[in-house]
Amino acid sequence: MLPTRLEEGKDPAAIATLRVTHSRQYPLRLLQFFLLFLIIGIAGSFLSMYMVRHFGIHNVAFVQSSSRKPCFQRPAVVENWFKAPSSLLHSMNDAELFWRASFSPRIQSYPFKRTPKIAFMFLTKGPLPMAPLWERFFKGHEKLYSIYVHSLPSYNADFPPSSVFYRRQIPSQVAEWGMMSMCDAERRLLANALLDISNEWFVLLSEACIPLHNFSIVYRYLSRSRYSFMGAFDEPGPYGRGRYEENMKPEINLSDWRKGSQWFEINRELAVRVVEDSTYYPKLRDFCVPHKCYVDEHYFQTMLTINTPQLLANRSVTYVDWSRGGAHPATFGKNDIKEEFFKKILQNQTCLYNNQPTSLCFLFARKFAPNALGPLLDLAPKVLGIGNSSHF
């Protein structure tokens, strides 16, 4: 082998040593380059995982068609960002949940197909004795509703996988009658329901509630209404204005103070307002206290009257009977469930719907004892239209 320029003038032993040194350094350099590329690859992988996890980026590259023109992500990809959570269980506390649920798009037209749904929110202590009737009500309308159940944390539902209530419990806390914890539970239900971008209308129900009409009628009634159904009245007596506290000023004045039923239906815009509120909440929490003031009858009613009175129908769509007196409405048992009972609720009523008089005023009713279920199931097809093959 001919000597190179660097080897000219050197003795053969030095040349041999130099060549051995070069032969050893060559694989070492290859190993160094390999390790460098490996480190860069691992770092890039961690960076990609971080972006997907924290920014929801599923596809950051543009796809080029055969004509080599760039095309943007299809609406179907955008829709995936807003899919309803596959599980209602999460580890967010209320502050984190309300913050997440308060996100609201500024552009009202959706860039993907969206089928508006009704969120049925059940505020319960434990079991749902009327579940078989609700199962009939929901049957065949799976794409038009969502269900959320807030119960005592200690209660574990045992609904089978075939039930519409299967795994529909949200992370819950104790809610006490007349306390702010009751409104906290209602806000918690709203916040969890808001995480599904398809939910447009939100109905608060209890374990003692029943539907008074089939699903098709309920959906049309709520979806075509210009207003949300929450009663908010200026009641001059001791159970209305008498519960007002001067310490609520200046955020809440006496002229703003309202009272109404706890059981409501509101649209998405108002649901976001309820969840994001930090102005009126502390006033009601601190100065609307039990035995003098019952916060679930005043908080949402007053807040929404101040902010969006033009969006309220100022009535409830849930029937209750206060004629028997006392702090709670009447409870109906199996002996009350007759056709004449429902005629009173369904036919002898008059109210306004989209500013026009109507006899269809109530969509739900309460309170029904567990032993009323049997007669209700018997009468439901004939009187309530539930159990018949009624679809859109």
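This is a predicted model: local features need pLDDT of at least 70, side-chain atom pairs count only at pLDDT 80 or more; totals for chains, interfaces and linings use all residues.
User: OK, disulfides. How many does the structure hold?

Analyst: The general idea: a disulfide is a covalent bond between the sulfur atoms of two cysteines. Here a pair of cysteine sulfur atoms within 2.5 Å counts as one. The structure holds two. Cys 288 is joined to Cys 293, with S to S at 1.8 Å, and Cys 351 to Cys 361, at 2.2 Å.

User: Why is the disulfide of Cys 288 and Cys 293 called left-handed?

Analyst: Look at the torsion about the S-S bond: it is about -75°, so the disulfide is left-handed. The link of Cys 351 and Cys 361 is left-handed too, with -110°.

User: Are these cysteines buried or exposed?

Analyst: Buried means under 20% relative accessible area, exposed over 50%, and partly exposed in between (1.4 Å probe, protein chains only). Cys 288 is buried at 4%, Cys 293 is buried at 1%, and both Cys 351 and Cys 361 are buried.

User: Which residues is Arg 243 in contact with?

Analyst: Contact means heavy atoms within 4.5 Å. Leaving aside neighbours within four places in sequence, the partners of Arg 243 include Trp 257, Cys 293, Tyr 294 and Glu 297. Arg 243 is itself buried, at 7% relative accessible area.

User: And what joins the side chains of Arg 243 and Glu 297?

Analyst: A polar contact of 2.7 Å. That term covers a pair of N or O atoms within 3.5 Å; within protein, one must be able to donate a hydrogen and the other to accept it, and residues adjacent in sequence count only if both atoms are side-chain atoms.

User: Last one: what order do the strands of the open sheet have?

Analyst: Helices (H or I, at least four residues) and strands (E, at least two) are DSSP runs, numbered from the N terminus, and two strands pair if DSSP finds at least two bridges between them. The three strands run β6-β11-β8, with mixed pairing. β6 and β11 are antiparallel, joined by two bridges, and Ile 210 stands opposite Ala 365 in β11.

Definitions and conventions
Residues are numbered from 1 along each chain as its sequence is written. Side-chain values use heavy atoms; hydrogens and water are left out.
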